[in-house]
Amino acid sequence: MDEYKIAVIKGDGIGPEIVDSALQVLNAAQDKFGFKVTCKEYLAGGCAIDVSGRPLPEETLEGCKNADAVLLGAVGGPAWDHIEPSLRPERALLGLRSGLGLYANLRPAIMFEELKDASPVKSIDHMDIMMVRELTGGIYFGDSDQYSCKDILSDGTPKVRIAYDTESYSEGEIRRITDLAFRIARGRSKHLTLVDKANVLTSSRLWREIAEDVHDDYRDVSLDYLYVDNCSMQLISRPGDFDTIVTSNMFGDILSDEAGQITGSVGMLPSASLGKPGTPGLYEPIHGSAPDIAGTGKANPLATILSVAMMLRWQFGETEAADSIENAVKQALASGYRTSDIARGNADEKPVDTEGMTAAVIAGI
Ligand code: NAD
């Protein structure tokens with residue numbers, strides 16, 4: 001029997017509630033599909049600051065490195081907002097990304113048929129996009145600085161200070177993320193869209209050149225290109241036409257939030273962050289710690305449950321178990337179960353709390 005070691009970081013706010021739900025679902029899946037998971041809990045975020053003064057204790061990072069995968073709830077909250085930025089709970093996420101070498105962020109944006117009326121795009125019929133965002137390069141990590149400047153602008157306004165951030169990408173960074181994106185597209189509808197700004201940016205032109213080159217190994221997958229400004233419009237006007245999108249760190253940051261919003265609820269969106277094959281990936285919902293509803297039983301656990309399904313699929317190759325969890329989520333929605341964030345007040349809805357939704361999913365596995 002295959003055995004998997006999972007490092008579990010519950011974090012802050014609703015983190016412990018939604019992770020407990022996801023672990024119950026994982027337990028149900030292991031019983032049914034014949035694999036075994038061993039979970040070990042670690043602290044990160046605000047709760048770690050309270051105990052150790054640091055958002056990501058060394059022991060947590062080591063534990064994650066030695067696990068097969070990491071499951072994370074969410075970190076942060078008002079109790080730690082006053083802390084100096086470099087020691088805030090959210091720094092734990094950056095530490096985990098760099099410590100585990102996680103260079104690819106996978107964010108599926110799927111429109112569940114039953115939640116269509118929650119989408120701000122009223123004409124939406126279908127959407128199933130896998131957004132592949134480069135996570136460790138580009139403008140967020142490029143050279144940046146700020147300095148005083150005595151020059152004046154053409155209309156006489158003094159410049160006073162100049163600040164800059166640099167978008168830079170190496171061929172290697174582009175090659176590994178586009179290769180992964182082609183592999184993902186191959187397992188889906190075999191269509192990959194590279195989103196860039198190649199009409200203006202030199203770095204985007206390198207992305208196109210390398211993507212074209214990597215495409216030689218994936219001739220069964222079609223490749224097209226979209227400028228990022230155009231893509232942000234097309235996502236609204238024809239969301240159903242996209243399959244897999246690959247893009248840089250900053251463009252992916254913005255577009256994945258846009259695509260997520262089209263699905264209608266932040267409580268439904270899972271994510272995976274992956275590094276070198278064979279190393280532990282990080283699986284987490286895209287939402288934060290929702291301190292406003294922590295402890296009330298209102299948290300929607302589905303994003304975290306779907307993150308576990310991604311872990312089973314991408315990390316462990318347990319495709320049947322992953323399919324079963326995703327189908328159980330669809331079934332729970334089709335049966336009318338709704339946490340308050342996705343409730344629309346329709347007569348056929350069955351309002352449930354976090355535990356009720358978890359039980360509904362487990363019943364479908
Ligand atoms: P948030 O995602 O926590 O909450 C935004 C809104 O969505 C809130 O009204 C919340 O109640 C609701 N919501 C979020 N998840 C939900 C769920 N599963 N079920 C039902 N409703 C849900 O964003 P925020 O309020 O901007 O941030 C709160 C804290 O979380 C901050 O400290 C922020 O820094 C942190 N944060 C952490 C992560 C992470 O750990 N990956 C990501 C984003 C924000």
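Q: Which backbone atom sits 3.1 Å from an oxygen atom of the ligand?
A: In this predicted model, a polar backbone atom of Ser-289 lies at that distance from a ligand oxygen.

Q: How much of the ligand does the protein cover?
A: The protein covers 67% of the 810 Å² of accessible area that the ligand has on its own.

Q: Switching topic. Which residues touch the most other members in the largest nonpolar core?
A: Leu-106, Leu-312, Ile-325 and Leu-333 do, in a core of 83 residues.

Q: Which helix gives the most to this core?
A: Helix α9, residues 302-315, with eight residues.

Q: What is Leu-106 in contact with, leaving aside its neighbours within four places in sequence?
A: Its contacts include Met-130, Met-131 and Val-132, along with Leu-180 and Ile-184. Pro-270, Ser-271, Ala-272 and Leu-274 are also in contact with Leu-106, as are Met-310 and Trp-314.

Q: What lies apart from that core?
A: Another core, of 15 residues, with Leu-61, Val-70, Leu-96 and Leu-282 among them.

Q: On to helix α10. Which of its residues are buried?
A: The buried ones are Ala-321, Ala-322, Ser-324, Ile-325, Ala-328, Val-329, Ala-332 and Leu-333.

Q: And what do the buried residues of α10 pack against?
A: They pack against α1 (15-33), α9, β13 (337-338) and α11 (354-363).

Q: What span should α10 have, and how far apart are its end C-alpha atoms?
A: Helix α10 covers residues 319-334, which is 16 residues, so at 1.5 Å a residue the helix should span 22 Å. Its end C-alpha atoms are 22 Å apart, which agrees.

Q: What happens just after α10?
A: Gly-336 takes a positive phi of about 100° there.

Q: Last one: where is Ser-154, and is Ser-154 buried or exposed?
A: Ser-154 is in the loop between β6 (144-152) and β7 (158-165). Ser-154 counts as exposed because its relative accessibility is 85%, and the cut-off for exposed is over 50%.

Q: How far is Ser-154 from Asp-213?
A: Their C-alpha atoms are separated by 44 Å, and the two residues are 59 residues apart along the chain.

Definitions and conventions: Residues are numbered from 1 along each chain as its sequence is written. This is a predicted model: local features need pLDDT of at least 70, side-chain atom pairs count only at pLDDT 80 or more; totals for chains, interfaces and linings use all residues. Side-chain values use heavy atoms; hydrogens and water are left out. A nonpolar core is a set of buried Ala, Val, Leu, Ile, Met, Phe, Trp, Tyr and Cys residues joined through side-chain atoms within 4.5 Å. Buried means under 20% relative accessible area, exposed over 50%, partly exposed in between (1.4 Å probe, protein chains only). Helices (H or I, at least four residues) and strands (E, at least two) are DSSP runs, numbered from the N terminus. Contact means heavy atoms within 4.5 Å. The expected span of a helix is 1.5 Å times one less than its number of residues. A polar contact is a pair of N or O atoms within 3.5 Å; within protein, one must be able to donate a hydrogen and the other to accept it, and residues adjacent in sequence count only if both atoms are side-chain atoms. Accessible areas come from the Shrake-Rupley method with a 1.4 Å probe; for residues, only the protein chains shown count as cover.
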